[in-house]
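Colleague: Let us go through this model together. I will ask, and you answer.

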Amino acid sequence: MFYKAIDFFLQMCYNYIMNNAKLGAKDIYNFINPSDLKDISVIEAAYRKKHPEVSKKPMAKSYFALHLILKGEGMLITPNGEYPLKKNDIFVRFPGEVITYYDYDETPFRYIFVTFTGATVISYFKRVGITYTNRIFKTSDELTRLFRLLVLKSCEYPEVNDMFAAGCMHLIFADLARQSVSQPKVKYDVKESYVLNAINFIQLHLDDSELSADYVAQYLNLNTDYFLRVFRGVMGTAFSKYIVAKRMSLAISLMDDGELSIREIALQCGYEDPSYFTKSFRNAYNQSPSEYMKKHIGHIGKNPPEKE
């Protein structure tokens, strides 16, 4: 009965899309209203007919994302391996991990992406079989319709687009789960679960100067040495390097906003000593924070960089 209801809804989606709108004429960006929905909260639903150069660089984000490749071929590079991407692939981005995805000049991407957070996401991933090493899935006609509907309709009802987007995401996960029922089960790795929970915890505490492996291990109720081994094994990098990379990524985002001084940015990134923050930033980017801000921030006059 449940799946029949999904089929009925999907057929309605298909009829709407076929009769009213098509993707392809231009990029579409929907920034979903901040929501008090705790199970799934969609941040952005967008369509791109061209993969921008800035998105081809290694970077980490603080949220989950699903990308549906509508056209083209390319590559996804993660700490756990490299994966070819092609038309009809759906790939998953996890919060906090540094990944790169790019298309080839002769086969450029056209794709939809959805970014989101929520308390049910980890549970849904477990039921679908999504892990750091099992993150690429084939779309179906039904899934493609849902992705297209999410992008095309979210802008029409801005007052409730958070509810509409969350509903579409539940249906997307339901259809992914339905596909997985007939496929061999992927064993859910408890170590990956530990690391995913650690990443979410880290993201919420980047401004805490006391953030450490002991701190996170205690939160997970794990031995610190064991946690460090698990983290390196899953992420392919040391915990300390990951923390620095996350804080530097946050620092860049805050600098690009152009609203805070270097001292304020250092504090929000968990550095009580601005000089130590400057040293870490220079090690990461071969330039000081003030040099970066002078080069990249056009409205730097609001908060001129401090002397370092």
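Modeller: First, a definition. Ala, Val, Leu, Ile, Met, Phe, Trp, Tyr, Cys and Pro count as nonpolar, Asp, Glu, Lys and Arg as charged, and the others, Gly among them, as polar. Note also that this is a predicted model.

Colleague: How do the residues of the lining of the second largest pocket divide by class?

Modeller: The second largest pocket has a volume of about 340 Å³. It is lined by 15 residues, and F64, T117, G118, N200 and L204 are the closest to its centre. By class, the lining divides into nine nonpolar, six polar and no charged residues.

Colleague: How many charged residues does the contact of α5 with α7 have?

Modeller: On the α5 side, the contact includes K191, E192, Y194 and V195. These and others meet α7 residues, among them Y226, F227 and V230. By class, the contact has eleven nonpolar residues, no polar ones, and charged residues numbering two.

Colleague: Which element gives the most to the lining of the largest pocket?

Modeller: The largest pocket holds about 1100 Å³ of space. Its lining has 34 residues, with M59, A60, K61, S249 and S253 the closest to the centre. Elements that each supply at least two lining residues include β2 (41-48), β3 (64-71), α8 (239-257) and α10 (274-285). The most, nine residues, comes from α8.

Colleague: What is the make-up of that lining by class?

Modeller: Charged residues do occur in the lining of the largest pocket: there are seven. Polar residues number nine. The nonpolar count is 18.

Colleague: Which are the edge strands of the open sheet of three strands?

Modeller: The order is β5-β4-β7, with antiparallel pairing. The twist averages 15° from one strand to the next. An edge strand pairs on one side only, which holds for β5 (81-86) and β7 (100-103).

Colleague: Which residue in β5 does G74 stand opposite?

Modeller: Strand β4 covers residues 73-78. β4 and β5 pair in the antiparallel sense over six bridges. Opposite G74 stands L85.

How values were computed. Residues numbered from 1 in each chain as written. Predicted model: local features only at pLDDT ≥ 70, side-chain atom pairs only at ≥ 80, totals over all residues. Heavy atoms only, no water. Contact = heavy atoms within 4.5 Å. Helix = DSSP H or I, 4+ residues; strand = E, 2+ residues; numbered from the N terminus. 1 Å grid on protein atoms, 1.4 Å probe; cavity = no way out; pocket = protein on both sides within 12 Å on 5 of 7 lines; lining within 4 Å. Points joined across faces, edges and corners; volume = space filled by probe spheres on them. Pairing = 2+ DSSP bridges. Axes fitted to C-alpha atoms, helices over the stretch in contact; angles between N-to-C directions.
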